[in-house]
Amino acid sequence: MTNSEFQAVVFAAGRGTRLPEVLGDAPKCLLPVGPYPLIWYPLNLLQQHNFSEVIVVVLEQERLEIQSALENTPLKLKLDYATIPSDSDFGTADSLRYIYDKIKSDFLVLSCDLVSNVNLYPLINKFREHDAALALLLFPSGFESDVVMPGPKSKHKPERDVIGIHAATQRLAFLSAASDCEETLNIQRHLLQNRGRLDVYSRLVDAHVYVLKKWVIDYLRRKENISTFKGEFLPHLIKKQHSKRPLKVVQDTTSEVGVITKNEDNVLHYVPHSILDQKITQTSLFNQSLSQNPYHGDVVRCYGIQAPKEAIGVRVNNTLSFLAINRKLASIWNELCGEKHPLISPGALVKSTQTKEIIAADNAKLSEKTSLNFSVFGPNCIINPKNIVANSLIMSNAIVEEGCNIDNCIIGHRAQVKSGSVLKNCIIGPNYVVEEGTHSQAAHLSNADQFMEIDIQ
Amino acid sequence: MAQFEKEIVQAVLIADNNVWNFKPLSDEGSTALLPLVNVKMLDYALIALNRSGVEEVFVYASLYLQDIRDHIKAGIATYASWSFKMTVHVIGGEGCRCFGDAMRDLDAKALIRGNFILLGADTVTNADLRPVLEQHKRQAKFDKGTAATLVFKECSNNVRLGNELLIAVDRRNDRLHYHQRLRTYQKESRYQIPLDVILGNSCVALHHKLLDPQIAIGSPSMLSLFSDNFDFQTRDDFVRGLLINEELLDSRIYVALLPAAQYAHKVNSWPAYQLVSRDIINRWAYPLVPEMGVYKLQQQYVFHKDNIYKSHEAQVSKVALHQNVVIQEGSHVDSGSVISDSVIGANCRIGKNCRLTNVFLMADVTVKDNCRLEHCVVGAGAIVNEECDVSAGCVLGAKSVLPAKTTLAKTLITSTPSTQRSEEDVAVELESIGPHAFIVSDLTTGDPEDSDGEDFLPQQPLTIPKMGDLLAPLDEISDCSDLSDDEDASRAVTPLPDDTNIFLDEVIDSLSRGFREKSNPDFLILEINSSRYAYNMSLKEVNFNVVKAVFGMQSIVEPANNNVLVAINAAFKQLGPVVSNYIKSEDAMLDCLKALEDVYEENPLVREKISQIVHYLYDKDFVSEDAIQAWFEQLDEEEHAHLRQSLAKLVAWLDQSSEEEDDDEDEEEDD
């Protein structure tokens, strides 16, 4: 235990249900984003913030794969893999409950699909300053707004959250999915009363970066019916901010004897709140209220911090954002990770002279006489001569034969594009073979049988 | 050329808009000329405009046009402080009945050439509106559909006087998206904001408890919008209409908030009158404070500590003046009186040993000895005789005379019986308490503007808000009391309608209709069967739900005279064939009784009469004796203790009768 104030947890047990087209048989957290798997980015972020140990929550069956993938990356973190049973249907809250024993202090929770260069210190400082129960990070949405989703045209409806934040204090007032609301948004009076302006945001994205108090997981452990963190527990906790300590309970909770078992359901039971704490809060200069009762007497406090506008933040949780981050990665690489990591792997064989903002992974063979722009080439992929590839993602072991024109496409693992094909806005599934001279636009070409085979494996 | 001409800043002042709250003084003269801390309200508004650099003002008056014209003329003649660098025109006519009419009239007269400041004559503000006007002009340059910029002020207290708002504003451009007046009486527990408003904008700021001082900057299009939409009566109609039809009318409203240091309030009722008086005396509206000579440029008062303003010409010897008192010239207070938080007009006479708290005396009022006045307004020239006790928001009309030893609370008094005009122009007999004192009932005088259907609290009795102790906020403590219960309640989701519930609902519908229309039971059976297949119900479920549906019909759930047995009898008479179609076998009967068990839990009327109902079903051969006994056997001793108890007698009786029957049979066999 070196960094004792905060522990960090990265969730990497997601199944990636929103990007089936590109996932293939690999775990979601190993999706290639530029030279590294997806999970490397949140881990790197933590490393930059001087974390030395991270708990990574993975599915049992995927553990070895993830472990070996991460060993190939220049990470110095000590990773503690917490496995959850592969056959279980755990939500994020269930997973947290499952690794309860490992959490010894206040902790950060990150999702494996976060690609960001945001500075977490303002978030953590807000958390410290106000002795908060929770602080979460919000990004402006719109990173992928200029990217066209390849594949057949479908109505892509991004999931949106409605987030209420008190302007003066940055306290979270509510957080709910827009789809959960009906025609009107109901706002309880106490959220508005005496708290000044309430800003309601509809285009912010929850970055899934949470700073949490230790007692929160104690409370979560008790609430066994809650299975997802974002969807259920978070709104629940935010609502609990305004619950008041019942008057009859003796204020002196420092005495262990006075613990009332019936009260265990109440969130306030979990909040360490001694007389001394109260005094500290009252006399602190950081309690943001000079004349009133600090924090309106709220014991549970949740904060929402917006990342600065120039910060990069994407959650790679659907195909569109996956393509978007890959396409833009070369241009934002320096801001994202600094120059330390080469974009074109030393093992890649790049003979092409006309390249612009491309990323090539180990052992990718990019032949001469090709024009390659804004694209990502996965490990062991082969691009033959006389090809034009733009705005595309060529995944591992894919082969593009001669004379093809590929624009805004995702070419899946081990897929093969035979010579003379012209593809625009297409998704080519894993192992699919595009026949010679195919002209295709906005299509999803995949081999259903292959999918079946993968499933059996 | 227009662009070389300097654009002059114009303003419109609407006088006497919605004055019902100022009864009975509103019947005796223009409320714009009502003195507020001894300065007429109109003067406050004019000064505010003058301070904001307005050069031309149109005062729009209706009923008391001549009075206002005279006042303006006198003001100009005596060099009132607003008359410098500002021309004031009084326009209007008797035909104008509401705010909307005034705006339409202004549009027809084509007096307004550009953007203008729109103010009520009852607004008191020290705000400089020039920056707001500039903001409006910038906005209008950017958005051609800018119709108005409304000016609001953050509310600092927890008092509700009907001027408080909840609005939703786009953070980027301050455009108004939602506008709701807060209730005066019963506080809302939650607010409902349309989701479109929030999803349509990336960030919407909700401002709760803003004061609406009735200040706005209007574009020329605002007037024509009133002309085009003749149903706009009030400013709120205009706002609402524009928000609903923003695309159709291609007009948008923007919002400007006054900085915290500036004061603005609307005096639209007696409590507001009290509040604003207090604020002026407490110098919140500086420089609009009594000793600054708001109207006349001369020193009228000497300002003492504890906010006591006393004229040199006033005689107050051996009088205890506590805090916040204004006494104008020529007034005479006798010894032994105690005055606090009050305004005393010119030439008042106050007798010995009077107690005045929160009292507002107009000019020439006489209060005789030993009176106690509290939270009341006394009109000009009124006389309160000895030993009166007037309190809790009383208003005495001008020249009324209160007989000695009168005790009044929450009453409005007028001097003549004829001043009250009812809507039908029928003279209403007023209760008299003296030759020059008649009680005005504030309930019978309907307000033509407030009583239309748009009012969002129609169930509230239309009473004139009365003065009272404003300092004690109504329910600051109770604000959070309702939280703990309703937070979990709001989480609880209503159970999703599963197939069984939908099926039950459909059967209830079918049966209710069949019962009402007395349709052929065969058709009903057909209907139920088709529902059954639609929702894939097993026979057991159908049996159960049909019986439940019969008891779920409206006529049984809420029977006439609470006589559930009669209702059940009627229902089974009509629907009996349907029920017996399903309830045939012993098992089905058991299902039927189980359904009854459910109904027993839900319906208290059935609970009372359960044994009679079971007996009735037995009588009519819907259920057999064996089924009842089998059912009774399996009822849980603890869970259904009460039900078992209710049925015990019946079952015992059934046992007995069956034994008898057995005996009978035996006997028969014997024979």
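In chain A, twelve residues of domain 1 are in contact with 22 residues of domain 2, two residues being in contact if their C-beta atoms, placed from the backbone, lie within 7 Å. The structure is a predicted model, in which local features need pLDDT of at least 70 and side-chain atom pairs count only at pLDDT 80 or more, while totals for chains, interfaces and linings use all residues. Residues are numbered from 1 along each chain as its sequence is written, and chains are lettered from A and ligands numbered from 1 in the order in which they are written.

Domain 1 of chain A spans 6–243 + 300–315, and domain 2 of chain A spans 342–456; such bounds come from an automatic or database domain assignment. The centres of these two domains, taken over C-alpha atoms, are separated by 32 Å. On the side of domain 1 of chain A that touches domain 2 of chain A, the residues comprise six nonpolar, three polar and three charged. Here Ala, Val, Leu, Ile, Met, Phe, Trp, Tyr, Cys and Pro count as nonpolar, Asp, Glu, Lys and Arg as charged, and the others, Gly among them, as polar.

Chain A also contains an open sheet of six strands, in the order β18-β21-β24-β27-β30-β33, with parallel pairing. Strands (E, at least two residues) and helices (H or I, at least four residues) are DSSP runs, numbered from the N terminus, and two strands pair if DSSP finds at least two bridges between them. The edges of the sheet are β18 (359–360) and β33 (444–445) of chain A; each has a single partner strand, so one side of each is left without a neighbour in the sheet. Within the sheet, strand β24 (residues 393–394) of chain A runs parallel to strand β27 (residues 410–411) of chain A, and two bridges join them. In this pair, A:Leu393 stands opposite A:Ile410 of β27(A).

Strand pairing also links the two chains. β11(A) and strand β11 (residues 190–194) of chain B run antiparallel and are joined by five bridges. One bridge partner pair is A:Leu185 with B:Ile193 in β11(B). The contact between the chains takes 26 residues from chain A and 25 residues from chain B. On the chain A side, β11 (184–188), α6 (189–192) and β12 (198–201) each supply at least two residues, and β11(A) gives the largest share, five residues. The residues of this side divide into ten nonpolar, eight polar and eight charged.

Chain B is divided into domain 1 (10–266), domain 2 (300–440) and domain 3 (499–670). The centres of domain 1 and domain 2 of chain B, taken over C-alpha atoms, are separated by 32 Å. Their contact takes eight residues from domain 1 of chain B and 14 residues from domain 2 of chain B. Helix α1 (residues 25–28) of chain B provides three residues, the largest share of the domain 1 side.

The axes of helix α14 (residues 539–552) and helix α17 (residues 586–602) of chain B come within 8 Å and cross at roughly 45°; axes are lines fitted to C-alpha atoms, for helices over the stretch in contact, and angles run from 0 to 180 degrees between N-to-C directions. That makes α14(B) oblique to α17(B), since angles under 35 degrees count as roughly parallel, over 145 as roughly antiparallel, 65 to 115 as roughly perpendicular and the rest as oblique. The residues of α14(B) that meet α17(B) include B:Phe544 and B:Val547. By class, this contact has eight nonpolar, one polar and five charged residues.
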